[in-house]
Amino acid sequence: MSRFAEYLSYDALGLAALVRTKGISALELVDEAIARIEALNPRINAVVHTSFERARKRAQAGTLEGPFAGVPFLVKDLLAEQAGEPCAAGSAFLRQVRMPHDSEIVRRYERAGVVILGRTNTPELGIYAVTEPRAFGVTRNPWDLNRTPGGSSGGSAAAVASGMVPMAHGGDGGGSIRIPASHCGLVGLKPTRGRNPIGPYVGDGWGGIVSQHVLTRSVRDCAAMLDATQGPELGAPYAAMPPERPYMDEIRQPAGTLRIAYTTEPLFGDTVHPDCVAALEHTVKLLTVLGHKVEVARPPFDRPRLVRAYLANVAVGVATALRIASTLVGRQATAADVEPATWLLKLIGEALSAGEYGWLQHEVHRAGFDLARFGERYDVLLTPTTAQPPVPVGTFALTDVERLQLKVLSALPFKALLELALADMSGKALAATPNTMLFNLTGQPAMSLPLWWNGDGLPIGTQFVGRFGDEATLLRLAAQLEEAQPWAQRRPAGSGD
């Protein structure tokens, strides 16, 4: 498979340095990545659309500039729209649509020099924490092909973990960067609300809870790409305060002595697997050795109301997305066009009253104030990223009985529909990933780092949550932890070394 045997020895910035010093050409790097995708993707199903010839032409043009000039890259097939390419969002309904122009984040990626090779798999409209869309099939975890890489950026995470590309785009509306980063042994940062652009096709994804960034193997790649993409876009409804200095400068600075709170209790769930507790406890010990002040504490919040608010934001977001999709396709979406859970969320979103939605947003904003006050006492909050290790593929697949139940639910009056959907959300799906959604609601930056592997050889991430607008502290701490306990040399057996 490999034309460039040392490909996996470099992160994205390392590969870009080789291109700059003429150690290898951008075209050779692109061809190496294409060979890896062609060899690995049949087993993993991370990439659902390729644009190889377009990528080769860009690599051959000789005009690439920026910190990542010549680096092979993949974008998630949800947001990150590209002119002339599909953006199916995991849905058969959008499969034939070609987008008329680039999104702002894609323009910034290309200004940073990356060469986009294709688009990665995602659950339909990004609504699941596993990547098993009906339209494009199951994506598998390179660490264990019988397990999920998580979602909704599961395709991107699997592509990076398997060694197809050194980093890839992801979007996070409830953990969709951090969950697959945890399951695949990667660095995954959800930036502060408004830090990175999501337009112009979308104004405020899911009521402002969606952020975009990348999944990487190194902290410096994460920091350098945030430097390249951060900042307000014209007309955006949200904008984060600008950083004091470049994030690449931040990771070269000492982390200092931080006040760190941690909790093993699930935030939106009921239980945490012992492996996830063990990962957190390992991280606490490491932080203590490094001189940080670590103690048990958790922020106050009204769990039932915020779970309800999260569901409302997702439901309204899905209803809005299907309206946008219908304009792109040229006809109204029907229940037959999408998966049952997608249609159920659409019905909830359409039926939710303005008063109810406004009240729930009020509760979200109040939680943001509460977490800000918690941040006056602590620099960082630590939790398990997920409450379970990567689950077997198909764990959350609907049975025939459950599909029938969803059809029955779809015929119920709105109030009964909402209550039953809330009950389901508090069930097995939310139980696996209860710790990430809160920080989408409040807009704080949150990052998963791969600091522990369990007895089955599966990565288990730890989540670090910062103050609103303070990615700098998270990145400085991440760089310190990466130096103290390097993880990049750990790769799944099937990564094509």
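## About the model

This is a predicted model: local features need pLDDT of at least 70, side-chain atom pairs count only at pLDDT 80 or more, and totals for chains, interfaces and linings use all residues. Residues are numbered from 1 along each chain as its sequence is written, and side-chain values use heavy atoms, with hydrogens and water left out.

## The second largest pocket

This pocket holds about 570 Å³ of space. (On a 1 Å grid over the protein atoms alone, a pocket is an open set of points with protein on both sides within 12 Å along at least five of seven lines; a cavity is a set where a 1.4 Å probe fits but cannot get out; lining residues have an atom within 4 Å of a point. Points are joined across faces, edges and corners, and a volume is the space filled by probe spheres set on them.)

The pocket has 31 lining residues, and L78, L79, V202, W206 and A321 lie nearest its centre. Helix α11 gives the largest share of the lining, seven residues. (Helices are DSSP runs of H or I, at least four residues; strands are runs of E, at least two; both are numbered from the N terminus.)

## Cavities

The structure holds four cavities of 30 Å³ or more.

Three of them come from α13, the largest share.

## A helix pair

Helices α8 (residues 219-229) and α18 (residues 471-484) pack at about 155 degrees, with axes 9 Å apart. (Axes are lines fitted to C-alpha atoms, for helices over the stretch in contact; angles run from 0 to 180 degrees between N-to-C directions.) The two helices are therefore roughly antiparallel. (Angles over 145 degrees count as roughly antiparallel, under 35 as roughly parallel, 65 to 115 as roughly perpendicular, and the rest as oblique.)

V219, C222, A223 and L226 of α8 make the contact with E471, L475, A478, A479 and E482 of α18. (Contact means heavy atoms within 4.5 Å.) By class, this contact has seven nonpolar, no polar and two charged residues.

Note on methods. Ala, Val, Leu, Ile, Met, Phe, Trp, Tyr, Cys and Pro count as nonpolar, Asp, Glu, Lys and Arg as charged, and the others, Gly among them, as polar.
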